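User: Hi! I'm new to protein models and would like to learn how to read one. Could you walk me through some features?

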Amino acid sequence: MRKLILIFLFFILSISLLPAVNGILTDMGDRYLLHVWGTHYERGEALGYLMGDQIKDLFDNYFFTTVVGSNAYVYNTYRQYHQEHFVTEDRYLQEIQGIVAGMQLAGTNLYHAGLDRDLDEIDFLFINSIADLSNAQISLACSSLSSWGNATVNDPQLQGKLQITRLLDWHRSPVLISNPLLVVHHPSEADEMKWISFTYPSLIGALSAISQEQAAAFLNVGNSHPNIDDEELSAVLLNVRNGIERRDYNNDSVYSNQDLWDALSDSNHLTGSIIHSVQEWPDSSRALIFETNNTGTVSRAHGENSGIAGDNLAATNHFRKLIDPVYCSRYAGIIDSLNQSSEVSIARQWDLMAGACGVQYNMMMIQYMPSQNTVKWSIATSYYGAYHE
């Protein structure tokens, strides 16, 4: 396990440090840290310019090989489906255009031999729908546990404040292991705020995200994917980003979990996803789980269909409210641990989730303590999952 403890990175950049594009990339040896600022186009251009080679490497050696089995016909079929059925907001179209322009500016070779053409904006839009279009092809076994109130009141650091631990489980692809990325966004748009994204190069949606206003959202794949209505579909990772990055998505003059709820429930999703949402204010905490698929979106709160003891809320990859819950060994492991004691310190929550939910293809483990302004971020190695001590 390679664990990094991060104090929040929402600092103002000095003008004297500004490079040719609106970004600064730091190679930390086993992971990357990228600050980007400006408009969506400018932030995308910085990503493409500074990480063009890594973006191309991921496409060549993960997205094309693992997700579609190096089959150009399958790839083009999915890509055409995306073009015909998905809608994308202009701000994200501009960001993708910026990525391609940045890669071109950096001299990145966009030619792909398997497709016999240069990659374009549509390819990168398609990649950002990976959670929607390929649930059956990729092994995702994510999990998360949030704790607050009586569960954390005896922890000397938390004293009743909120914490959440999240395991991101994905293919143990060597190119993914080599390219974990933390992006710190500094938007210039008046309706957006600073936020951080734990991700991989070319994914601009919010897979694991934390905002400047101490809200966080972590996405797990669901277990039910009915295809009832495939018109005007939306990429769920971009919906989650809307709920995190936008200052007031639903125009109710309050930034809260409700913005994320509305961003999800306003959209039509092809497949199932489970989003664990938390936020802390000076005098209160709130944790909710949003379950969504092509039939709609529901919210699951503390005590609803969970079986979880104390002030704790857990999610794995199984719907527990949108449809009847089914057995999950990882969820059962969380229940067993919390039945022994529902009190969860910072250290115990980390160890509890590692023991109950750690799997061989765990790629990232993230623990966020809003009141401490701190994130613990562990990544996988070639030999061990990120949870492994």
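User: Is Asn268 buried or exposed?

Analyst: Asn268 is buried, because its relative accessible area is 15% (buried means under 20%, exposed over 50% and partly exposed in between, with a 1.4 Å probe and protein chains only). This is a predicted model, where local features need pLDDT of at least 70 and side-chain atom pairs pLDDT 80 or more, while totals for chains, interfaces and linings use all residues. Residues are numbered from 1 along each chain as its sequence is written, and side-chain values use heavy atoms, without hydrogens and water.

User: Where does Asn268 lie, and which residues does Asn268 touch?

Analyst: Asn268 sits in the loop between α8 and β12 (helices are DSSP runs of H or I with at least four residues, strands runs of E with at least two, numbered from the N terminus). Leaving out residues up to four places away in sequence, Asn268 touches Asp229, Glu231, Glu232, Leu233, Ser234 and Asn294 (contact means heavy atoms within 4.5 Å). Its side chain also reaches the backbone oxygen of Asp229 at 3.0 Å.

Definitions and conventions. A polar contact is a pair of N or O atoms within 3.5 Å; within protein, one must be able to donate a hydrogen and the other to accept it, and residues adjacent in sequence count only if both atoms are side-chain atoms.
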